[in-house]
Amino acid sequence: MLPNPVEMDSVVDAIELSQVKGRSLWADARTRFMRNKAAVVSLILLAFVALFALFGGYLAEWERDFVDFSLTGRNAHLGVPSFETGHFFGTDNNGRDLYARVVQGTGISLMVGIVGAMVAVVVGTLYGATAGYFGGRLDGIMMRIVDVLMSIPFMFVLILMLVIFGRSILMLFLGIGLISWLDMARIARGQTLTIKNKEFVEVAVATGVHPIKIILRHIVPNLLGIVIVYATLLVPNMIIFESFISFLGLGVQEPNTSLGALINEGAGTMQYGTLWQIAFPLFFFVVTIFAFFFVGDGLRDALDPKDR
Amino acid sequence: MFSFVARRLAVAIPTLLILVVLSFILMYAAPGGPFNSERPLPPEVLANIEAKYGLDQPFWKRIYDYIVGVVLHFDFGPSFKFKDRSVNDIIAQGFPVTLTYGSIAFLVAIVVGVSLGVAAAVKQNSWLDYLAVGISIGAQVLPNFVMAPILLLTFTLWLGWLPGGGWNGGQWEHLVMPVIALSTSYMASIARITRSSMLEVLNTNFIRTAQAKGLSMRRVIWKHAMKPAMLPVLSYLGPAFVGMITGSVVIDSFFSTGGIGTFFVNSAFTRDYSVMMGITILVGSLTILFNLLVDVLYAWIDPKIRY
């Protein structure tokens, strides 16, 4: 006997219903993030800052290391920001185009922040996941090492290193890479401790999967949410860190520059009334840091619901 | 308690040794000796001077002597650039200055930050709360090297109220800007941490019980909520302290206060390695000591911590 058509329809409905696509964690997080206006606006701002750093150089009408000697001593009158002269942001104290220098400074500052965050993500996550997964004595030793490194005043050691081995961007990256992963390792370890007792990890252990593979396949993907959040919050801290060193004149070397170095230069000349020399780099610095903090906060609310 | 302190010390002392060895190796690896200059000395003279300072000794002997000197006699050796001063003299000159404005800034950051945070939490979602949150978010993007020029511009160049720098024996006019510049961003963080932990504590059952008993709000806050709410703040004090000391480098070079940071930066430019090492080790030991103090305090306040 055939079922009547009405019954048939309800069966079809039921099948369709069961096929409704489940929302993944990431889709959920995206909707939550999109609802946070401050975070979305900040993300757009960050995109503009990144575009400015990447392509702003093509709009510059002057080379960033070209010194206009005709401006020497007359900066306050002739070096003002104007579209006519092509110095959109004015000139710096030496008669160089500030627009081109701010483009480059923003680029270097962003790069430092992102490299620091990447080192933290790769080294910190693997280190923390390894320590947390194996536990016991290995965990004790690995975390003591982190404790020891954390109580060293790294700013001073880094400056010592920069002085001894010469100033270079490579050295700066090395120094920033050395410290940026410490916090991340602690966070990743804490999270791993809760994950490693879950059933899916037990199943993997029971079926004889190699520990390294368990860490990479099963632990690390589940750390990703919290890692992304802290990496985003780490970027502005790394930018502040680099700017601090450059502010002292110990970071990036001329003719290269970074936002910290530009702020320092602008601060040195502000008593002559050339306020734009500090205003433009400061503006980009503040906007970038602000935007990263807000995006990080938004991501935390979106990906780490228990922390609200 | 005693064994807890002993165990923390067992970690702290090797840390300090690692720091000393690390900075010594860095200095040892530095190209060129301290007496290589533009006009080279006659080799015999150079050999004599190096013998006097023990620079002709093998690596192990030198590092041993240095560690013994630092640990037993608190002697960081002679400066490589100043003829008549040892590293100890330089530290003795600069450190009191740094300590003065540093500790004032530290206290200001804690007092203002905690009061702002508590006020914001108690009056959640009022204008006071929004103001406090606004200030703390704004101040987060104003690290000392941004704050310093802004203050200088406002109070010295525009308003002309405060001197632009100098120390002058620590008169208050010379203290205002360094203290504000140094404390702002830490005050902001402390306010944020205090607010969120206070909110959490205020929503717990024992606070509700205290309120149900009819205690006044002031009494509930001071007597019951303050202690648990201060724990996260306490654990932030360690990093804040390190940040303050590091920040003194900027304060000194900006306001010419003549603290330890001036000497650190100057010696960085003149490659006066022994001064740099001495200051690095001093700061490192202070950091380790302070972290130890915070840990002990934490264990003392929080009964949940087993030691």
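The part to describe is the side of chain A that touches chain B, together with the helices around it.

A: The model is predicted, so local features are described only at pLDDT of at least 70 and side-chain atom pairs only at pLDDT 80 or more, while totals for chains, interfaces and linings use all residues. Residues are numbered from 1 along each chain as its sequence is written, and chains are lettered from A and ligands numbered from 1 in the order in which they are written.

The two chains come before the place where they meet. Buried residues make up 44% of the 308 residues in chain A and 36% of the 307 residues in chain B. Here a residue is buried if 20 or more other C-beta atoms, placed from the backbone, lie within 10 Å of its own, exposed if 12 or fewer do, and partly exposed in between. The C-alpha atoms of chain B fill a box of roughly 85 × 55 × 30 Å along the principal axes.

Now to the meeting of the chains. In total, 32 residues of chain A are in contact with 33 residues of chain B (contact: C-beta atoms, placed from the backbone, within 7 Å of each other). On chain A, five elements each supply at least two residues of the touching side: H6 (136-150), H7 (154-165), H10 (211-247), H11 (259-269) and H12 (276-303). The largest share, eight residues, comes from H7(A). By kind, the residues of this side divide into 26 nonpolar, four polar and two charged. In this count Ala, Val, Leu, Ile, Met, Phe, Trp, Tyr, Cys and Pro are nonpolar, Asp, Glu, Lys and Arg are charged, and the others, Gly among them, are polar.

Helix H1 of chain B, residues 2-29, faces two of these elements. The buried residues of H1(B) pack against H6 and H7 of chain A, and also against H3 (59-73) and H11 (273-301) of chain B. They are Ala12(B), Thr15(B), Leu16(B), Leu19(B), Val20(B), Ser23(B) and Met27(B). H1(B) has 28 residues and reaches 41 Å from its first C-alpha to its last, close to the 40 Å expected at 1.5 Å a residue (the expected span is 1.5 Å times one less than the number of residues).

What covers the buried residues of H5(B) includes H12 of chain A, together with H4 (87-122) and H7 (172-202) of chain B. The buried residues of H5(B) are Ala132(B), Ser136(B), Ala139(B) and Gln140(B). They cover an arc of only 110° around the axis, and therefore lie on the same side of H5(B) (the arc is that of the directions from the helix axis to the C-beta atoms). An α-helix has 3.6 residues a turn, so residues three or four places apart point the same way. The face of H5(B) turned away from the buried side carries the exposed residues Trp127(B), Tyr130(B) and Gly134(B). In length, H5(B) has 14 residues and reaches 20 Å from its first C-alpha to its last, close to the 20 Å expected.

H12(A) itself is mostly covered, with 21 of its 28 residues buried. From its first C-alpha to its last H12(A) reaches 40 Å, close to the 40 Å expected.

Phe33(A), in helix H2 (residues 25-35) of chain A, lies 268 residues from Asp301(A) in sequence but 7.4 Å from it in space, C-alpha to C-alpha. Leaving aside neighbours within four places in sequence, Phe33(A) is in contact with Ala39(A), Gly298(A), Leu299(A) and Ala302(A). Phe33(A) counts as partly exposed because 18 other C-beta atoms lie within 10 Å.

Of the contacts with a separation of 6 or more, residues 24 or more positions apart account for 73% in chain A and 71% in chain B.

How values were computed
Contact = placed C-beta atoms within 7 Å. Helix = DSSP H or I, 4+ residues; strand = E, 2+ residues; numbered from the N terminus.
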